[in-house]
Amino acid sequence: MTLFGYRLPAMSSLILWAAVWEIVGLSGWTFFIPPLSEVITTLFSVIGTPAFTKALSQTAYAFGAGVFFAVVIGIPVGILMGKSRIIDELLLPWVNIFLSAPLTALVPVLMVLFGFGMKSIIITTTLFAIWIIILNSRAGVKQINRSLVEMARSFGASPLDAFFKVYFWAALPEILGGVRIGVIRAVKGVIIGQLLISIVGFGALFELYSNNFLMAHFWAVLIVLFALAFSLSEFLGYLERRISYYAASR
Amino acid sequence: MSQTSDAFGKADPIDIDSAVSVRGVSKNYGEVEALRDLSLEFPRGQLTSLLGPSGCGKTTLLKIIAGLIPATAGEIEIDGRKVTGPGPDRAFVFQDFALLPWANVLRNVSFGLELRGVGKSEREAVAEKYIGNVGLSGFEKAYPHELSGGMRQRVGLARALSVDAQVLLLDEPFSAVDEQNRRKFQEDLLALVRNENKTFIFVTHSIEEAVYISDQIAILLPRPSRVSEIIRPTSFRGTKADNIRRSPEYLDIVDQIWASLRNYVE
């Protein structure tokens with residue numbers, strides 16, 4: 001974008017919004033919004049503390065495990081649904097229901113089934129991420145060029161070879177798109193899990209700070225979380241663009 | 001039409017050494033009869049075209065020979081062995097090339113060997129050789145989207161050649177290639193048929209192309225498909241590629257085929 005003939009760098013609107021935040025914070029209008037500068041200094045002082053690193057590692061562990069299971073289960077299930085009519089008929093209604101269902105309401109059920117520990121948090125994270133990954137993998141496989149499938153068959157590909165050397169790669173652009181959206185949903189899942197199931201990780205920090213009206217701390221942790229989620233999504237978007245050269249020419 | 005047959009010699013089933021035999025093949029899609037009781041012999045080491053109006057089932061027949069779709073009735077034999085599915089004795093060249101867009105030329109050409117479990121260095125050596133044979137040396141590291149249509153089909157052809165199958169099945173391989181590249185391709189294919197000693201089965205809808213490259217042309221007529229005529233050009237097959245299109249026999253056959261096909265063109 002250009003303004004008065006000057007080219008503005010990307011995301012320069014963020015500077016404007018940061019200024020608005022700072023002014024609102026300095027005016028003392030509400031305790032809920034401290035000045036941004038105060039939030040930033042708090043952020044740097046908080047980052048080194050044991051409480052923060054513990055929260056980060058707990059959250060990262062639950063998040064990583066949750067996303068891992070969502071990807072490792074979701075992609076093969078999606079590909080199988082795209083290739084087999086029977087599996088598709090069996091699973092598609094459930095996938096669609098869970099994709100749009102308010103999963104937060106299921107969390108108490110998970111607590112009853114799997115207890116109040118890390119296991120339930122990981123399952124919650126997986127449940128938030130997996131459905132869109134399944135649906136996108138399925139869509140990716142469904143649009144594979146028919147002659148690529150025939151090519152694999154005519155050159156004698158075993159089902160396993162066809163799966164790993166043709167179907168997976170041919171569906172990869174859609175799969176990565178699904179993983180990117182799934183990861184964003186998993187961030188929601190892990191925080192909701194940590195708030196509802198057991199108060200650990202970032203969820204515990206949010207509880208602690210908001211209950212004690214430490215708003216600068218609250219915002220600092222929130223900014224860290226937003227930044228992490230945003231960079232993750234940008235990284236996956238970058239991977240998607242890396243392979244887009246062949247997405248159009250399949 | 002009987003004159004044509006006399007002049008150009010009709011295929012005599014007794015004295016041909018057939019690489020591929022199609023016997024009484026029928027194919028139904030539900031109520032629709034695509035092929036009915038079709039029989040055809042494909043002489044070894046020669047190129048046979050399947051020519052006919054669109055919807056005459058020539059691609060269906062080719063895919064049945066490839067083992068990609070099952071016949072409803074009848075059987076295909078290759079060197080006396082019945083076809084039950086795809087096999088290493090046949091290689092397919094696709095109309096839309098069917099290359100792996102995420103793999104470079106070298107991997108694409110060696111992909112058939114890769115699926116057969118041939119080691120990396122060995123299969124890449126074979127692939128290098130055929131990349132050279134189809135005139136793509138220097139493009140080993142290029143990706144399909146960086147190549148023109150003609151070059152992509154050369155990759156598809158090199159892939160089919162490198163698995164060293166006895167029978168090559170080509171499904172309208174030049175229809176997505178521009179006119180000048182197509183002509184070059186046709187000349188190269190003539191040399192290939194002469195040098196490779198393989199049996200080529202070539203589906204096309206272009207009369208000129210079929211007459212130019214074929215040792216034997218099978219004319220298929222639609223609804224349901226059957227072989228209406230088999231033509232074997234004789235006089236110009238041995239001559240230089242440049243002279244074929246000027247040969248009187250070439251022009252006569254093109255006219256004859258058009259005369260028999262024109263009624264079937266909508």
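Biologist: What makes up the meeting of helix 3 of chain B with helix 4 of chain B?

Modeller: In this predicted model, Val105(B), Leu106(B), Val109(B), Ser110(B), Leu113(B) and Glu114(B) of helix 3 meet Arg123(B), Glu124(B), Val126(B), Ala127(B), Glu128(B) and Ile131(B) of helix 4, a contact being heavy atoms within 4.5 Å. These residues divide into seven nonpolar, one polar and four charged (Ala, Val, Leu, Ile, Met, Phe, Trp, Tyr, Cys and Pro are nonpolar, Asp, Glu, Lys and Arg charged, the others, Gly among them, polar).

Biologist: Why are helix 3 of chain B and helix 4 of chain B called oblique to each other?

Modeller: Their angle is about 120°, with the axes 9 Å apart, where axes are lines fitted to C-alpha atoms over the stretch in contact and angles run from 0 to 180 degrees between N-to-C directions. Angles under 35 degrees count as roughly parallel, over 145 as roughly antiparallel, 65 to 115 as roughly perpendicular and the rest as oblique, so this pair is oblique. The crossing is right-handed, meaning that the near helix is turned clockwise from the far one by less than a right angle, anticlockwise being left-handed.

Biologist: What makes helix 10 of chain A and helix 11 of chain A roughly antiparallel?

Modeller: Helix 10 (residues 201-211) and helix 11 (residues 215-242) of chain A cross at roughly 155°, their axes coming within 9 Å, and the pair is therefore roughly antiparallel. This crossing is left-handed, and its contact has nine nonpolar, two polar and no charged residues.

Biologist: How do you know that the radius of gyration of chain B agrees with a compact globule?

Modeller: The rule is 2.2 Å times the number of residues to the power 0.38, the radius being taken over C-alpha atoms; for 266 residues a compact globule would be near 18 Å, and chain B has 18 Å, so the two agree. By DSSP runs (helices H or I, at least four residues; strands E, at least two; numbered from the N terminus), chain B has nine helices and ten strands.

Biologist: Why should some predicted coordinates not be read in detail?

Modeller: That caution holds where pLDDT is low. Chain B averages a pLDDT (the predictor's confidence in each residue, from 0 to 100) of 83, but residues 1-13 of chain B stay under 50.

Biologist: Which conventions apply?

Modeller: Residues are numbered from 1 along each chain as its sequence is written, while chains are lettered from A and ligands numbered from 1 in written order. Local features need pLDDT of at least 70 and side-chain atom pairs 80 or more, whereas totals for chains, interfaces and linings use all residues, and side-chain values use heavy atoms, leaving out hydrogens and water.
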